[in-house]
Amino acid sequence: MGNVPTITVNMDEKCKECGKGGATPSGLCLVCVVKAMKGKLMKTPTGRGFAAKWEAAQKRAVKEAKRQHPKAALTAISLFAGGKP
Ligand SMILES: [Zn+2]
């Protein structure tokens, strides 16, 4: 509660992936951030780097969840897998 993660968008910064204005600290705009999170093919090293980091973070989170709450993790994993295209 009261600990909502925020994303800063710098409107003067151009997205490294698509070149549109408004980039997050990752160098990507929100549209490209979502693309990378969905596992879409990224065109630039920045985009691919973000996608790789995201994937690693997901794997870490799953590993940690399994360790702490084996039952809950299984439910979360099946939801995550089911939500993937
Ligand atoms: Zn973009």
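Author: Buried residues make up 16% of the 85 residues in the chain; a residue is buried if 20 or more other C-beta atoms, placed from the backbone, lie within 10 Å of its own, exposed if 12 or fewer, and partly exposed in between. This is a predicted model, in which local features need pLDDT of at least 70 and side-chain atom pairs count only at pLDDT 80 or more, while totals for chains, interfaces and linings use all residues. Residues are numbered from 1 along each chain as its sequence is written.

Reader: What pattern does the chain follow along the sequence?

Author: The pattern is β-β-α-α-α, with 3 helices and 2 strands. Helices (H or I, at least four residues) and strands (E, at least two) are DSSP runs, numbered from the N terminus.

Reader: In which sense do strand 1 and strand 2 pair?

Author: Strand 1 (residues 10–14) and strand 2 (residues 21–23) pair in the antiparallel sense over 2 bridges; pairing requires that DSSP finds at least two bridges between the strands. Asn 10 stands opposite Ala 23 in strand 2. The hairpin has 6 residues between the strands, and Gly 19 there takes a positive phi near 80 degrees.

Reader: And Lys 20, where does it lie?

Author: Lys 20 is in the loop between strand 1 and strand 2. It counts as partly exposed because it has 13 C-beta neighbours inside 10 Å. Leaving aside residues up to four places away in sequence, Lys 20 touches Lys 14, Cys 15 and Cys 29, a contact being two C-beta atoms, placed from the backbone, within 7 Å.

Reader: Changing topic: which residues make up the largest nonpolar core?

Author: There are 9 residues in all: Cys 15, Ala 23, Leu 28, Cys 29, Cys 32, Val 33, Ala 36, Phe 50 and Ala 51. A nonpolar core is a set of buried Ala, Val, Leu, Ile, Met, Phe, Trp, Tyr and Cys residues joined through C-beta atoms within 7 Å.

Reader: Which helix gives the most to this core?

Author: Helix 1 does, with 3 residues. Helix 1 (30–37) and helix 2 (45–68) each supply at least two.

Reader: At what angle do helix 1 and helix 2 pack?

Author: The angle is about 50 degrees, and the axes are 9 Å apart. The two helices are therefore oblique to each other. The contact is made by Cys 32, Val 33, Ala 36 and Met 37 of helix 1 and Gly 47, Phe 50, Ala 51 and Trp 54 of helix 2.

Reader: How is "oblique" defined?

Author: Angles under 35 degrees count as roughly parallel, over 145 as roughly antiparallel, 65 to 115 as roughly perpendicular and the rest as oblique. Axes are lines fitted to C-alpha atoms, for helices over the stretch in contact, and angles run from 0 to 180 degrees between N-to-C directions.
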